[in-house]
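Work through these exercises with the structure open beside you. Try each task before reading its solution.

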Amino acid sequence: MFSEAWSYFLYFSAFVQQIFAPCMYREQLPVNSLDLHQYAGKWFFKAAVSPRDSDISKFRMFDNIVFTIEDRSNTTLVLTGYMRLGDDCIKQNWTYHIQPGRDELVLEGRPQRHNLLWSGAWASCRDCIVFQEMEPALKETDSEDSLNRFLLYGRQKNVDSEMLTTFLRNSACQGLTESVTLPHQKEFCV
């Protein structure tokens, strides 16, 4: 009887919280339990959000960005970014490793960086993922991380304005009020 009452209390508490704080719940995708093959292929950059402009300002220089994800093994992903900067294309590779007991990706050469995957439901987009990059504070006395940004990627080349609006609104509700979207005026590099 107590457990039944407790479950009703928890349900009611969650319901009341949604009334007073209607932020969309973010669903983390633990990398250790994902089928990485479903994430292989092309991903088009849609937007970046952060609590600080300095975490996302570098994205403003690009017209568009597309990534390919290649799963080299059960524990290694290679991301290749093709970034349009003016009339030039910039290509860069990042190698991520999946380590037992960790729900995040470890960036080769930057083990202090935490890289989390989130469901695209945050943007009401089934064919999207959100990639979070975080780095701890530079000094122990600092109160916030030195990097904290969320990057929205979609499978489709075209930008869905309703999806972007949903992502930006839900992000702002979480205190992620700085944002960047790209103009997509030129051809993609891939």
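**Exercise 1. Find how much space lies in the second largest pocket, and what lines that pocket.**

Solution. The model is a predicted one.
- Step 1: Start with volume. The second largest pocket holds about 160 Å³ of space.
- Step 2: Turn to the lining. There are 14 lining residues, and S124, C125, C128, D160 and M163 are the closest to the centre of this pocket.
- Step 3: Look for the main contributor. Helix α2, residues 161-173, gives the most to the lining of the second largest pocket, with three residues.
- Step 4: Sort the lining by type. The second largest pocket has four nonpolar, five polar and five charged lining residues.

**Exercise 2. Describe the largest pocket: its volume, its lining and the strands that supply it.**

Solution. 
- Step 1: The volume of the largest pocket is about 420 Å³.
- Step 2: Its lining has 26 residues, and F67, W94, Y96, E133 and Y153 lie nearest the centre.
- Step 3: β3 (64-73), β4 (76-85), β5 (88-98), β7 (110-119), β8 (128-135) and β9 (147-154) each supply at least two lining residues.
- Step 4: β5 gives the most to this lining, with four residues.
- Step 5: By type, the lining of the largest pocket splits into 20 nonpolar, one polar and five charged residues.

**Exercise 3. List the elements of the chain in order, and state what share of the residues is buried.**

Solution. 
- Step 1: Count the elements. The chain has two helices and ten strands.
- Step 2: The order is α-β-β-β-β-β-β-β-β-β-α-β.
- Step 3: Check burial. Of the 190 residues in the chain, 41% are buried.
- Step 4: Check the reach of contacts. Take contacts between residues at least 6 apart in sequence; 58% of them join residues at least 24 apart.
- Step 5: Finish with the surface. The accessible surface is about 11,100 Å², and carbon and sulfur atoms account for 52% of that.

**Exercise 4. Identify the residues that touch the most other members of the largest nonpolar core.**

Solution. 
- Step 1: In soluble globular proteins, nonpolar side chains tend to be buried together.
- Step 2: The largest nonpolar core has 28 residues, and F45, F59, I65 and Y153 touch the most other members.
- Step 3: Two or more residues of this core come from each of β2 (41-50), β3, β4, β5, β6 (105-107), β8 and β9.
- Step 4: Follow F59. Beyond residues up to four places away in sequence, F59 touches F45, A48, I65, R149, L151, V180 and L182.
- Step 5: Note a second, separate core. This one has 16 residues, including A123, C125, V130 and F150.

**Exercise 5. Decide whether K42 and N148 are buried, partly exposed or exposed.**

Solution. 
- Step 1: Buried means under 20% relative accessible area, exposed means over 50%, and partly exposed lies in between.
- Step 2: K42 has 38% relative accessibility, so K42 is partly exposed.
- Step 3: Leaving out residues up to four places away in sequence, K42 touches V66, F67, T68, R155 and V190.
- Step 4: N148 has a relative accessible area of 15%, so N148 is buried.
- Step 5: Apart from neighbours within four places in sequence, N148 is in contact with V49, S50, P51, R52, D55, Q132, E133 and M134.

Note on methods: Residues are numbered from 1 along each chain as its sequence is written. This is a predicted model: local features need pLDDT of at least 70, side-chain atom pairs count only at pLDDT 80 or more; totals for chains, interfaces and linings use all residues. Side-chain values use heavy atoms; hydrogens and water are left out. Buried means under 20% relative accessible area, exposed over 50%, partly exposed in between (1.4 Å probe, protein chains only). Contact means heavy atoms within 4.5 Å. Accessible areas come from the Shrake-Rupley method with a 1.4 Å probe; for residues, only the protein chains shown count as cover. On a 1 Å grid over the protein atoms alone, a cavity is a set of points where a 1.4 Å probe fits but cannot get out, and a pocket is an open set with protein on both sides within 12 Å along at least five of seven lines; lining residues have an atom within 4 Å of a point. Grid points are joined across faces, edges and corners, and a volume is the space filled by probe spheres set on the points. Ala, Val, Leu, Ile, Met, Phe, Trp, Tyr, Cys and Pro count as nonpolar, Asp, Glu, Lys and Arg as charged, and the others, Gly among them, as polar. A nonpolar core is a set of buried Ala, Val, Leu, Ile, Met, Phe, Trp, Tyr and Cys residues joined through side-chain atoms within 4.5 Å.
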